[in-house]
Amino acid sequence: MVVETTHYKTSEFLAYTAAKTLVDGKSIFVGTGLPLVAATFAQRSHAPNILVVFEAGGIGPRIPELPISVGGSFTFHQGIMAASMHDVMAFSQAGYVDFGFLGAAQIDMYGNLNTTVIGPHDLPKARLPGSGGANDVGSFCHQTIIMMYQDKRRFVNKLDFVTTPGYLNGPGAREKCGLPANTGPYRVITQLATYDFDEETKRMRLLTLHPGITVEQVQENSSFEILVPDKVGTTEIPTKEDIEILRSIDPYGVALG
Amino acid sequence: MEILKEGKGKRLGWHTPDEHRQYVMENKSRELIDKRMSIQEAVAKFVNDGDFIAFGGFGHVRVSMIAIYEIIRQGKRDLKAAGKTTVHDLDVLISAGCVTEVEPSYAFGHELRGLSPGSRRMVESGKCRVVAEISNAAFQWRWLAASLGVPFIPARNLSGTDTFEYSSSIIVKDPFTGQPITLIPAAYPDCVFIHVDRADMYGNAQIDGITIQDVELSRAARKLIITTEEIISNDEIRREPKRTTIPYFLVDGVVEAPFGSHPGEMPGWYYFDEEHIAEWLAASKDPAATEKYFEKYVFGVKDFEEYLELVGGIRKINQLKRIEKLAEKPEYPWVKKK
């Protein structure tokens, strides 16, 4: 499923859309991959004062080049503080981090994520990197934003492994577990649409369709039923200037392809 | 406290606080000893088959690659590895067959470069077993508990997930709030290598920039070896005591290791050698090519200096220095062009 591309690629649209969910003057915990591009773009466009935080200890950098690693020197370049993993995780657990960006191999209807294994744990079909900081972000950040490609193999009924907590199995489940109050998945962004979560059931719900995409395509590319509200918006398209900025951030296509 | 749930993961590196205090009393000296040695000596003396081993830095940033190569060269076996934000370091060590068990918070991945073919193959074929799962913060707090000399640290992560189920943590009812809370057990790795900017002969070490995991890890380590870009005098350390990240009495060995993080980045000194990492990623897709890589870069060179010549010598080093200082643009040969 490909968005009708005119002046942008799918990955660029994803990065742009993710960046637009961020609010200037807030803090964001940035993980590896497309989130790096989205955060850098937000800093260079509508959210110049967004506080970017990296798990290895880089806080508030003025990012010179796209970081290849969330622990590299660009993550604390002209930063307000070069701290440690303990510091950043402690700030998150104590409530100082507003947004968290996550990716995933699999997601379910409650926004729980898998980045650990496909197949049985002890002898997996595919061994993935593991939680990394994802479980921590999913547990601590006020609002998590998930960026991933969407198809039936990724939007599943049951995860092979629950790496990172979404709403677990429904309303009240996070709180019952002792997870911090008022946390949980906020948005899911794929190449087809953006999603939020229904307040009552905590299930994934369609928010905006990307231009040219239908509700049928969204449902065809999910193994679970996605809730569809009466009113569905259309995702904003990036301008040519936005795309130029994105491409200047990642001139080699390391993350954007 | 009421135990609500227990993770089934293997508890690597466990010692009681009194066991560790006994170890410190018997093995760690507060005397000022010249601990300088070669990497060959350090690995031979301090790394034993079967050890639980951990590496400082962040996988391919400020990592002791010089130690990784030497461990492979000396044929160390059956290591249990902390896969804490490991990237290139552990990918290479697992692919070389040195590691039989791993507790990953992040391993088998090369961040933006993609997944690690070599170490994944070892896990997917059963040659290397994942014995516990954990998250980055939780693993960091395993070192924190050890550094505090207490059996565990309470935290609010892992709850509700399979990451918890496969971890060595437990969930209890917190007596203060009445809420479930995760207790993360201390971990004392047998052998730890940390790469730093500067150190004196006694082991007082300075880390510029982000310390990542190394403050707590250096305290948790049983045997700690510092590899350093440069050796400085004790007077220079004493001129700026605030810059000391790791005090000498935690340290067992000091190795002078300029460019010791190659092909990883050393913040402020040199950038990632993306050309070399691309070569590794390509070779590690295939077992025969992986062996040839080790023949060339580990077994085929007499020491780390010869390895540096092989990967491009002064010309390459100067290029990596320029890129790190933003005087030249980086290039990424592993980018897949569509």
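This is a predicted model: local features need pLDDT of at least 70, side-chain atom pairs count only at pLDDT 80 or more; totals for chains, interfaces and linings use all residues.

Q: Which residues in H10(B) and H11(B) meet?
A: From H10(B) you have B:His276, B:Glu279, B:Trp280 and B:Ala283, and from H11(B) B:Ala289, B:Thr290, B:Tyr293, B:Phe294, B:Lys296 and B:Tyr297. Sorted by class, that contact has 6 nonpolar, 2 polar and 2 charged residues.

Q: What makes H3(B) roughly parallel to H4(B)?
A: Helix H3 (residues 65–73) and helix H4 (residues 88–95) of chain B pack at an angle of about 5°, with axes 10 Å apart. Angles under 35 degrees count as roughly parallel, so that label goes to H3(B) and H4(B). On the H3(B) side sit B:Met65, B:Ile68, B:Ile71 and B:Ile72, and they meet B:His88, B:Asp89, B:Val92 and B:Leu93 of H4(B). That contact divides into 6 nonpolar, 1 polar and 1 charged.

Q: What area is buried between chain B and chain A, and which three residues of chain B supply more of its share than any other three?
A: About 4900 Å² is buried between the two chains, with carbon and sulfur atoms giving 61% of it. B:Leu112, B:Arg156 and B:Ile210 supply 16% of the area that chain B buries against chain A, more than any other three residues. The contact takes 62 residues from chain B and 65 from chain A.

Q: Why do A:Arg127 and B:Glu133 count as a salt bridge?
A: Their side chains meet at 2.7 Å, N to O. The cut-off is within 4 Å, from a side-chain nitrogen of Lys or Arg to a carboxyl oxygen of Asp or Glu, so the pair qualifies.

Q: Which helix gives the most to the side of chain B that touches chain A?
A: That's H6(B), with 6 residues. By class, this side of chain B has 29 nonpolar, 17 polar and 16 charged residues.

Q: How do you know what the peptide bond from B:His262 to B:Pro263 is, cis or trans?
A: Look at omega: it's near 5°, and the bond is cis. B:Pro263 is in the loop between strand E13 (253–256) and H10 of chain B.

Q: What makes A:Asn182 stand out in its backbone?
A: A:Asn182 has a positive phi of about 60° although it is not a glycine. You'll find A:Asn182 in the loop between helix H5 (173–176) and strand E11 (185–189) of chain A.

Notes:
Residues are numbered from 1 along each chain as its sequence is written. Chains are lettered from A and ligands numbered from 1 in the order in which they are written. Side-chain values use heavy atoms; hydrogens and water are left out. Contact means heavy atoms within 4.5 Å. Helices (H or I, at least four residues) and strands (E, at least two) are DSSP runs, numbered from the N terminus. Ala, Val, Leu, Ile, Met, Phe, Trp, Tyr, Cys and Pro count as nonpolar, Asp, Glu, Lys and Arg as charged, and the others, Gly among them, as polar. Buried area is the accessible area (1.4 Å probe) that two parts lose on being put together, summed over both. Axes are lines fitted to C-alpha atoms, for helices over the stretch in contact, and angles run from 0 to 180 degrees between N-to-C directions. Angles under 35 degrees count as roughly parallel, over 145 as roughly antiparallel, 65 to 115 as roughly perpendicular and the rest as oblique.
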